[in-house]
Amino acid sequence: MNSSGNRDNRHAQLCRFETAGYSVIALMLATWSVTPSEAATALSASSSPSAEDAFRQQVVSTPPSADPRDFNGVWWPDRSFAQQRPTAKLKPGVLPPAQQLGPSLNNSIVKCMPAIRFDGIGSGMSELYVQGPAMLTIIAEEDHDIRQVYLDRALPKKPKPSLTGYSVGHWDGDTLVIETVGLKDPNGTVRSSLRVTERLRKVRDANYLEHTVTFDDPTRYIEPYTFVWAGRWRPDIRIAENICEEEYEDYKVENGSVKYSDDNGSVDKGNDK
Amino acid sequence: MTKTKIVIAVVLIVVRIGLPSYAQAAATVSDAAHPDLSGVWQIEAAPKALRTLDGSAPPLLPQAQTTYSEYLSAKKARDASYDTMSKCLPPGVPRIFLQPFPFRIQQQSNLIAMIFQWNHLDRLIYLDTAHFEAVAPAYLGQSVGKWEGGTLIVDNTDFNDQTLLDDSGLPHSDALHIVERYVLKNAGKTLEIRFTIEDPQTFSKPWETVLHFKRQSLDVRDDDFCLGRIGKEPMNLQ
């Protein structure tokens, strides 16, 4: 089952970036309606599955694993929680991400490179967690995006900077703490001071995987900032093949705007929506 | 060294290298009937063109032979327009295995995940289901597997017709059906995959080919983005 159309999704992603000036990796946006603690409270408000979850699990006979440290399976980003992000408090003289990145942002998105990282809720498409003793592999349906989280080692001292960074995880009780360093921006800027810390735990009777994501970069931000989102247990979904590269030739960038030409030849400006 | 000292040393080593305090043992199975294929692998000697087990050319039907000849001519003339992989679309099966990049197998009890470094592609082999209705035909098809006497047998269907079987341009149709047999050899240092390729619209009969992969000590990187590699020109020239 595919959780969203490939083209629609890519288009939505571009629109989102175009209109709000959202940025990459650290993407920290305009407004903030739910604080991290409010989102966490909302997530833990109910300890039993909703009627919808219960029905779905009855149909596929697969309740979530009772093991709090077993994240295996498909998680679908639930937009009920923390749809908006805090604004990063930037140090004086630091440009907001969209300005700092300039054209490299659209360039990166159109070329199917990861513009959104650590932000499953942005995609609306499912993620498959494949968890072994030494590695947690997170396979996003969207753009066949891969994350490899090493569970058997410490962070390297000098990781080769990349768009995906280097991630290691360890357990703090039943919370998996994933730390990521070695990131760079799409324009090539190495973010050697950026450290992303994610805390993942199962909540609401294991029906949700809660992500608390903290970005810390003392060279850019006045203070670290945090947001929360959640994936919903979806044993009824098998992630589909989603090939972003199919659309590459349909996009054109003209006068700074991304234009998308669909199969019928009609052209839609990304920032009209 | 006394027993106590050994225990302390082991504990210190474990603490130092930061082994996970808990392993998801339930997620992984490994015994004689289910050998653990997990690890990083790379093709030992990639053939330029696939051959059958006795070294013959695959039994192409006349129409497919014509198509193949056209592709060979185009390739000679440096025209890659027939080849979707040149546009960063996924190479199909078995072509994905022929690339000079490593891939990682992560074996679980209910599925086997393959992570290919080439354009960070993933391929999933489900062990807990029969074939199911596909959303759409796929570049990498739909894969379901089962274990038989220590061999992983994978049945692949639902391919689209947008890929080629090898780098030489060997074509196929969307009627392609591939059965793969995975076995470990050479004390686990070599992975052998034997492919049975069947496509009544392309080949006069099913044929077999075999590939060998060497276990690698390096990791698979997840930061290879094909369009970023091949398209150096900036798209946004404002």
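Biologist: Why does Arg238(A) count as partly exposed?

Modeller: The relative accessibility of Arg238(A) is 22%. Buried means under 20% relative accessible area and exposed means over 50%, with partly exposed in between (1.4 Å probe, protein chains only). At 22%, Arg238(A) therefore counts as partly exposed. This is a predicted model, in which local features need pLDDT of at least 70 and side-chain atom pairs count only at pLDDT 80 or more, while totals for chains, interfaces and linings use all residues; side-chain values use heavy atoms, with hydrogens and water left out. Residues are numbered from 1 along each chain as its sequence is written, and chains are lettered from A and ligands numbered from 1 in the order in which they are written.

Biologist: What makes the meeting of Asp128(B) and Arg238(A) a salt bridge?

Modeller: Their side chains meet at 3.4 Å, N to O. A salt bridge is a side-chain nitrogen of Lys or Arg within 4 Å of a carboxyl oxygen of Asp or Glu, so the pair qualifies. This pair crosses between chains: Asp128(B) lies in the loop between β4 (121-126) and β5 (142-148) of chain B, and Arg238(A) in the loop between β11 and β12 of chain A. Helices (H or I, at least four residues) and strands (E, at least two) are DSSP runs, numbered from the N terminus. Asp128(B) is partly exposed, at 44% relative accessible area.

Biologist: How many salt bridges does the structure hold over all chains?

Modeller: There are 20. In general, side chains of opposite charge can pair when their charged atoms come close.

Biologist: Why is the pair Lys89(A) and Glu223(A) said to tie together parts of the chain?

Modeller: The two side chains form a salt bridge at 3.1 Å, N to O. Lys89(A) is in the loop between β1 (73-77) and α4 (97-101) of chain A and Glu223(A) in the loop between β10 (208-216) and β11 of chain A, so parts 134 residues apart in sequence are tied together. Both residues are partly exposed, Lys89(A) at 46% and Glu223(A) at 37%.

Biologist: Are Glu180(B) and Arg123(B) buried or exposed, and which value settles it for each?

Modeller: Glu180(B) is buried at a relative accessible area of 0%, and Arg123(B) is buried at 2%. They form a salt bridge, with the closest N and O atoms 2.5 Å apart. Glu180(B) belongs to strand β7 of chain B and Arg123(B) to strand β4 of chain B, so the bridge ties together parts 57 residues apart in sequence. Elsewhere, salt bridges that share partners join Asp152(A), Arg153(A) and Asp219(B) into one network.

Biologist: What makes Cys112(A) and Cys244(A) a disulfide, and why is the disulfide given a handedness?

Modeller: A disulfide is a pair of cysteine sulfur atoms within 2.5 Å, and these two sulfur atoms are 2.0 Å apart. The torsion about the S-S bond is about -85°, so the disulfide is left-handed. Cys112(A) sits in the loop between α5 (103-110) and α6 (120-123) of chain A and Cys244(A) in the loop between β11 (225-233) and β12 (251-254) of chain A, so parts 132 residues apart are tied together. Cys112(A) is buried, at 3%.

Biologist: How do you know that Cys88(B) and Cys226(B) form a disulfide?

Modeller: Their sulfur atoms are 2.1 Å apart. A torsion of about -75° makes this disulfide left-handed. The pair links Cys88(B), in the loop between α2 (62-76) and β2 (103-107) of chain B, to Cys226(B) in helix α3 (residues 226-230) of chain B, 138 residues away.

Biologist: How do you know that β7(B) and β8(B) pair?

Modeller: Two strands pair if DSSP finds at least two bridges between them. β7(B) and strand β8 (residues 190-198) of chain B share nine bridges in the antiparallel sense.

Biologist: Which residues touch the most other members of the largest nonpolar core?

Modeller: They are Phe97(B), Tyr182(B) and Phe213(B), in a core of 48 residues. β8(B) gives the most to this core, with four residues. A nonpolar core is a set of buried Ala, Val, Leu, Ile, Met, Phe, Trp, Tyr and Cys residues joined through side-chain atoms within 4.5 Å.
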